[in-house]
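This report describes selected features of one structural model, which is shown below with its sequence.

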Amino acid sequence: MTLVLACSPACFAQLIGKGFAQPGVLNFVPPKKAVAKPGATIDSVLPVELRPGYHVNSNTPSDDYLIPLRLTWDTGPLEATGFTFPKPHMEKYKFSEKPLSVFTGDFQIVTRFKAPASAAPGPATLTGKLRYQACNDSMCLPPKTLDVSLQVEIVK
Amino acid sequence: MSRYYRAAALVLMLGLASCSKSKQEIEARMPAESKRQKAPEISLKDANGDTVSLADYKGKVVLINFWATWCGPCEAEIPWFIEFEQKYKSRDFAVLGISMDDDGWKSVRPYMAAHKMTYRIVIGNDTVAQKYGEIDALPTSFILDRQGRVAAHHVGLVDKSDYQNEILKLLEDPKSAALHDAGPGLLAGLLRPAHR
């Protein structure tokens, strides 16, 4: 008889259990359809919800090692010309000596778009990515990138 | 007895009581030796390009720490692990950090230098993370006994004293120490089926 119990990786995984399942820590409401005339500038709001007890690093984190919140848009019928993030909270956590620049709770990211003067009228879809890295007071979840899409209508 | 001595005696009694409770808690939390599972094998490269496997740590108590440069709670533990390894190295204790940074040494090497990390670091991957039960949150740590079995498992930041008590418990475990001192020959003998 052997005293050392054999355990496959799958069995080991089951024994150890999952530390945390990431789905649902950060959710966003799909932005409202953007309607723009060629040459016009419009703002699109992306409402974001974070699970209570969690934070994400702001777009301007306190440390170079920390992963910022980023929203990017692919090339499409509208051109992103700027972003407005909320004012970050400076929060002190038990793992950090100094306060960290973070977002918590519900907040909005506003993208300013410009429709090129040559934009062809009609519907289109603009795709983008929302990248974040979330933590609570004692653990961090791996960075995650979510797909974002914006319905666009170019009108005359 | 003066008031001073009575107070000192009370403090001493409370201190002893808390030490004892703490040890009991540690023992209750750690699985019995017969129920501990062998830690999954790893084969990862360290900063020098050398392959690291658990066989390198045969007979040692090992703290395996999954971490990343972007993880604040992981950063808080680094000075503890440096201290533990310096303090208990002579008693056959080692720390092995497994970084889960996507860009590997590009981020990890400068971070190691900035944080004066003296314990061994390797770059992890999804395969190793899956073997260790899906590393969904960092820090995640496993403390292995001298037989390479998982004696403790932590997800998230825990108290420094929790780690320290577990490490000391495993280092002081007379059975483990005896097996280790006796060398692999005796261990193999104990594990071998008895033929009569």
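Where in H2(B) does a kink of about 30° lie?

## Basis of the description

The model is predicted; local features need pLDDT of at least 70 and side-chain atom pairs count only at pLDDT 80 or more, while totals for chains, interfaces and linings use all residues. Residues are numbered from 1 along each chain as its sequence is written, and chains are lettered from A and ligands numbered from 1 in the order in which they are written.

## Helix H2 of chain B

The kink lies at B:Ile78, shortly before the proline B:Pro79. Here the bend at a residue is the angle between axes fitted to the seven residues ending there and the seven starting there. Helix H2 (residues 72-88) of chain B has 17 residues and should span 24 Å at 1.5 Å a residue; its end C-alpha atoms are 25 Å apart, which agrees. The expected span is 1.5 Å times one less than the number of residues. Helices (H or I, at least four residues) and strands (E, at least two) are DSSP runs, numbered from the N terminus.

Among the buried residues of H2(B) are B:Ile78, B:Phe81, B:Phe84 and B:Tyr88. A residue is buried if 20 or more other C-beta atoms, placed from the backbone, lie within 10 Å of its own. The cover over the buried residues of H2(B) includes strands E8 (100-104) and E11 (134-135) of chain A, as well as E3 (61-67), E4 (93-99) and helix H5 (160-172) of chain B.

## Nonpolar cores

A nonpolar core is a set of buried Ala, Val, Leu, Ile, Met, Phe, Trp, Tyr and Cys residues joined through C-beta atoms within 7 Å. The largest has 66 residues, and B:Phe84 is one of those that touch the most other members, along with A:Val56 and B:Leu63 among others. Its largest share, six residues, comes from E3(B). Apart from this core lies another, of ten residues, including A:Ala34, A:Ala36, A:Leu150 and A:Val152.

## The sheet of chain A

In chain A, four strands form an open sheet of mixed pairing, in the order E2-E12-E10-E5. Strands pair if DSSP finds at least two bridges between them. The edge strands, E2 (34-36) and E5 (70-73), each pair on one side only.

E2(A) and strand E12 (residues 144-154) of chain A run parallel, joined by three bridges. A:Ala34 has A:Val152 as its bridge partner in E12(A), and A:Ala36 has A:Ile154. Strand E10 (residues 122-132) of chain A pairs with E12(A) in the antiparallel sense over eleven bridges; in E12(A), A:Ile154 is also the bridge partner of A:Gly122.

Notes
Buried ≥ 20, exposed ≤ 12 C-beta atoms within 10 Å, placed from the backbone. Contact = placed C-beta atoms within 7 Å.
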